[in-house]
Amino acid sequence: MSTQATPVRRRSSTGRPQTIAAWVLVTPFLVVFATLFLVPLAYSAYLSTFTSQLAGGEVFDLFANYSRALSDPSFWSGLGRVAIFLFVQVPIMLVASLFFALALDSGRVRGGKVVRLLIFLPYAVPGVVAALMWGYIYGQDFGLIAQVLQALGAPAPNLLAPDAVLGSIMNIVCWEFVGYNMIIMYAALRTIPTELFEAAEIDGASQLRIAWSIKIPAIRQALILTVIFSIIGSFQLFNEPSLLYAIAPNAIGTDFTPNLYAYNVAFKNQDVNYSAAIAFLLGIVIVAISVVVQTIVNRKEREQ
């Protein structure tokens, strides 16, 4: 009776060097990520659990700052403005981005490369410069809009009035980020096989029908990405109200947005503990809304 030796599997000699090389390449990113993100995040969480008192200094109280923020009218008013900003500005911005992406992808726009560059160009302008530039344009006494209307004999509107400043900020953000979102959507559109469009055109489908039935469903993941990025960006609104505050202090308060409120609490009121709690609550809201949006989209995709 003969016995057959079982072959012994030998680990590839190249496996270990590849693993070492992978860790060498990844380690710089992990170090930077931990230094600039994880460590500050952990330190902020630590600070948020203390309260400052005149007698006794900082005292540990796990939920005191969080309960204070949840009952703070300034925090809720800022969150309300951001919610209005989210539900008004984001749809307008994404619809405009989708329109430009579909128009450029159709190939019927003359000078498509130049047009694409011009639409994307505002995103290349630093946010601080964009806010200052639009602040000058909005100025009621010296602004470009006011000067043009006065030359035409029309009264100049106060675009930085308390009831108009949020809309003015929406316009700035749209101007800045329409091109950014357009590029994401346009890149996704370019990956769709052209055979689908040609077959639809042979069947007599119009460009509008092709866009609605083929192109938009095909770039759903890119649309979801832009929606989530826009949600995060809306709750992080800071540059525009912070810079316009110097021009319109009566319209933009120190608590105009939660981010701006946390900044002023930390650096003007010198209450870093409470500021850290506000920032963490804002982060929880962002994560919760993003998860809800992602869950709804995944559920609809499964139903289809």
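The structure holds 3 salt bridges. Keep in mind as you look around that this is a predicted model.

Start with Asp105, in helix α3. With Arg190, Asp105 forms a salt bridge whose closest N and O atoms are 3.3 Å apart. That pair links distant parts of the chain, since Arg190 sits in the loop between α7 and α8 (194-202), 85 residues apart from Asp105. Asp105 also pairs with Lys215, and here the closest N and O atoms are 2.9 Å apart. Lys215 belongs to helix α9 (residues 207-218), so to speak another distant part of the chain, 110 residues apart from Asp105. Put together, Asp105, Arg190 and Lys215 are linked in a network of salt bridges.

How open is this network to the outside? Asp105 has 10% relative accessibility and Lys215 has 4%; because buried means under 20%, both count as buried. Arg190 has a relative accessible area of 52%, so with the cut-off for exposed at over 50%, Arg190 is exposed.

Now move to Asp271 and Arg68, whose side chains meet in a salt bridge (3.1 Å, N to O). Asp271 is in the loop between α12 and α13 (272-303) and Arg68 is in helix α2 (residues 64-70), so this pair ties together parts that are 203 residues apart in sequence. Asp271 counts as buried at 17% relative accessibility, whereas Arg68 is partly exposed at 42%.

A pair of aromatic rings is described by how far apart the centres are and by the angle of the planes. The count here comes to 16 aromatic pairs. Take Phe33 and Phe37: the ring centres are 5.1 Å apart and the planes sit at 25°, so this pair is stacked. Why do these two end up about one helical turn apart? Because Phe33 and Phe37 are 4 residues apart in helix α1 (residues 15-47). Phe33 is partly exposed, at 35% relative accessible area, and Phe37 is partly exposed too, at 43%.

For an edge-to-face pair, look at Phe238 and Tyr263, with centres 5.3 Å apart and planes at 70°. Phe238 lies in the loop between α10 (220-235) and α11 (239-244), while Tyr263 is in helix α12 (residues 258-267), so the pair ties together parts 25 residues apart in sequence. Phe238 is partly exposed at 23%, and so is Tyr263 at 37%. Elsewhere, Tyr43, Tyr46, Phe50 and Phe60 form one aromatic cluster.

Leu30 is in helix α1 and is partly exposed, with a relative accessible area of 37%.

Finally, turn to Met93, in helix α3 (residues 73-105). Met93 is buried, at 4% relative accessible area. Setting aside residues up to four places away in sequence, Met93 touches Val173, Cys174, Phe177, Val178, Asn181 and Ser230. Asn181, in helix α7 (residues 165-189), is buried as well, at 3%. Leaving out neighbours within four places in sequence, Asn181 is in contact with Met93, Leu94, Ser97, Thr226 and Ser230.

Notes: Residues numbered from 1 in each chain as written. Predicted model: local features only at pLDDT ≥ 70, side-chain atom pairs only at ≥ 80, totals over all residues. Heavy atoms only, no water. Phe/Tyr/Trp six-rings, centres within 6.5 Å; stacked < 30°, edge-to-face > 60°. Buried < 20%, exposed > 50% of the residue type's maximum accessible area, 1.4 Å probe, protein only. Contact = heavy atoms within 4.5 Å. Salt bridge = Lys/Arg side-chain N within 4 Å of Asp/Glu carboxyl O.
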